[in-house]
Amino acid sequence: MKISAAAAALLSLAVPTATAWTAVPTTSIVRSSSMSIRSPSLLQSTTVKDAAIEEVEAAPDTGAREFGVVNTNKLSKLYDLVVIGGGPAGVAGAIKAAQMGRRAIVIDKPKFDAGVLPNGLDLFFGGPTGLFSKALRDLAKTTNVAAMRAQHMDSDVIWKQITNGIVKLAMRNSEGQCRTLARYGIDYLQGSAMLLGENDPINVAAEKKFAKDMDSPEDGLRSVKVTNTGVLDDYVGFVDDAEVTVTGTKVLVCTGSKSTRLPGIPFEESHRIFDSDTVNLLGYFPRSVTISGLGIIGIEFANIFNALGVEDVNILVRGDVETSTKKLGMDMDVANELMRLLKESGVKVLEGTSVSEFTYVPPPGADDEYIEMKLNDGSTMQTDLFFAATGRYPVGKHDETGLESAGVEVADRGMVGIDKKTLATSSKNVYAAGDVIGAPALASTSMEQAQRAVSAMFHEGEGDVDVGMEANHDDPLSIGVWTIPEMGYYGLTKEQAEKEGYSVVEGTARFDQCLRGRVFAPDGLCKLVVDEKEGTVLGCHLIGKEAAEMVHYGMALVKAGTSIFDILQTVYTAVTFHELFKEAALDANSKLDFGVEWQEIFAILQSECDVDFSEEYLREKFDAIDEDGSGELDEDEMRALFASMGRTVSKRVIANIMRLSDVDGNGTIDFGEFKAIFDKIACPRDEDEE
C-alpha cells in the first residue's frame, strides 16, 4: 500500500516506536550543527522510523478505512439527527440524541488533510480548538528542554520529541471520541457538508422518499449534501471522492469558528506567520516569539513558549493591560498577579504597541534569519515566529456550508441567529450550537448548548422536561485559562457586582497561606467577592496551581448562594488548596460590619416575621428607655430596652452586643448602632409590600 510522504511522516509521529530522545543510545544522538534544517510542520516532519514505513508500505492495499466512512445502505435511510461539524459540540449533540433513542450521524470535514492517518483517523476530530495548546502546555511542564540542550541536542530533535507527545495525545482523544460514537451506534462521515434549502429539489425528493417514515408531511425533513467523502458500497467496496445526500428530521449546525486574520499581516508566509488555527502545524522550535493580542489564547501561548525555554517572548498589546483583561471578565488582582508572574519569568508585555509593517519575512529554508518588523512608534523588532492571537469569528457565513442559501439567518460576522431557549435557527428543523452562535465560544459551553438543542428538538408529550431545556442561555460560565500557573474565575468581580447594585467586600488569600501552597506552589491567590449585607459569595477568582480545577468549587459556592459563614464552618482536608477558600472567607469576614462573631447572637435575637421593626417603632422604644436624652444606652438600659420589646436577653449576650457594637469605646450604644442590629435580624419584606 503506497501512502503519501505527508501521511507517512504523520504515521511516524503516531506510532509507538517513534524515536524518543530518552530512548536513543548515546552513540546515535544528533549533535547541533551551525545550520539546522527545519521540518515544514508538526504533521509533515520528514524524520521517519524506517521499519514502520516499510511495514505500512508492505501491507496489502485493500482500500479499507476504519474511521470516517459509512456504508451506503446506512446513508440511504432516514436519520433523526444530522450533525454538521465534529468538534466538542457536534459530538456531544450526537451522543445526546443517541441517549434519547434517536439515530444520528456526524459529518465533519478534517481541518487539515495532513492530520488524517491512512486508516481515516483525523487527529483533530472531537477536539477543542485549544487541544494543541493544552497538549503543548502539558509537555512544557514535563519536558526538560534545558537538560536536552545541555546534551547538545539539536532544536529539531527536541521539537520532534515534543510533537511526538502532542500527536499521541491527539490520537488518544480522537480514537476515544470515535469509540464513543461507535458504542452509541452513531455514524461518522468525513466530508464537506452543505445544508440544502427546504425547497431544494433534492430535499423535496427526500420528503417524498421518506413520507412513510414521517408522522406528518408538515413536519418536514432537511437534507445535507456531502462532497469529497469516502463511502463503503456492498458491491464495489470503498469509494473515494464520492458525493452523497444525507437526510434527517433535524439538523444541528456546529461548524465552529476560525481565526480572525487582520489586514497587513502576511499570513501567506505560513512557515513563520501563524494564527490560532495554523499554529497547530508549527514544525520547528522557535528561537524567539512575538504574539499580537492579550486575549486568552495569546496569554496561554506566551506562557507556554516561555516555559519551553524560549528566552525572548513578547506580547504586543494595542491598548493597555487593564482594558484587555477587563474585556475577558478577569479580576484585576488576578490579572496583576498574572502580569507579575509573566514579567518575572522573562515575558515582555509591550502596551500601546502594534506592528505597522512586516519589512522582511525569511523565505523557507533561511532558518538562521529573522522576521523584521516596524512598530507603530517607529522602532524595529526581530522575531523568529509571529503569532497573531487576534480573536476568532463564527463560521456561519460560508458558501461551502450553504447556511444562508438554506434560509438560516447569519449575521455579517458569521454568527448564526438562534432562539436562546431552544437554539432553533430561523430555518425549519435546523438548530445551531457552539462557536458558530457566538460568545462565549468555549468547549464546555458548546457541549451544553448542543445537548440543550437536542433536548428541545426531540422532547415530546407532556412528561418531564429534560433538565437541559431549563438552562438559562445567558447564565454566567466558569472560565479556565491554561497558563502556568492556571487561572480560573466564575461569577462577578467587585466592579461588576457594584454595577449590579451590590455592596461588596473582597476576601483574598495568597497560595502560601495554606500548607500545600507554601511547600509546593507559593505563587497565586484565591479571591472571593462577597455580598456585604448577607455574606454570600458572588464571585470566585483564582490564579495558581490547579486553579482551573478549583474554580468549579467556587462556581458551586456562587450558584448555591453559600455564605462565608458556611465556608468557615466547613472542614477541608488538610494539605489541599481548598483550604484557601477558608482563608479568603476569613479575610472577607474581617471586613464585614457583622461578621461570623455576630451570627450566634443574631440566631438568639432572631424575630418572628410578624414583628414590626420599623424605624418609628425602634425609635419609640429607644427614646422611652433613654430617659436622660443622651441618645446613648448603657448595658442596663439595653437589657431594659429588650425587655420592653418582649425579649429577655442574658447579661452575657448583652455584654457582647455592647462590646461588638461599641466602636468608639465609650461603653454605650447610640440609636444608629442599635437600629443596625435589628435591620440584620428583621425578616425581609416582600416586594409586593414594598
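Glu 337, Arg 340, Glu 344, Arg 510 and Asp 523 are linked in a network of salt bridges (a side-chain nitrogen of Lys or Arg within 4 Å of a carboxyl oxygen of Asp or Glu). The model is predicted, so local features need pLDDT of at least 70 and side-chain atom pairs count only at pLDDT 80 or more, while totals for chains, interfaces and linings use all residues. Residues are numbered from 1 along each chain as its sequence is written, and side-chain values use heavy atoms, with hydrogens and water left out.

**Around Glu 337**
- Glu 337 pairs with Arg 340, with 2.8 Å between the closest N and O atoms.
- Both sit in helix H11 (residues 332-345), three residues apart, which means about one helical turn (helices are DSSP runs of H or I, at least four residues; strands are runs of E, at least two; both are numbered from the N terminus).
- Glu 337 is buried at 5% relative accessibility (buried is under 20% relative accessible area, exposed over 50%, partly exposed in between, with a 1.4 Å probe and protein chains only).
- Arg 510 also forms a salt bridge with Glu 337, at 2.8 Å from N to O.
- Arg 510 belongs to strand S21 (residues 504-510), so this pair ties together parts 173 residues apart in sequence.

**The open sheet**
- Five strands run in the order S9-S16-S10-S11-S12, with parallel pairing (two strands pair if DSSP finds at least two bridges between them).
- Its edge strands are S9 (273-275) and S12 (348-351).

**Cysteines**
- The structure has zero disulfides (pairs of cysteine sulfur atoms within 2.5 Å).
- For Cys 540, the nearest cysteine sulfur is that of Cys 526, 5.1 Å away.
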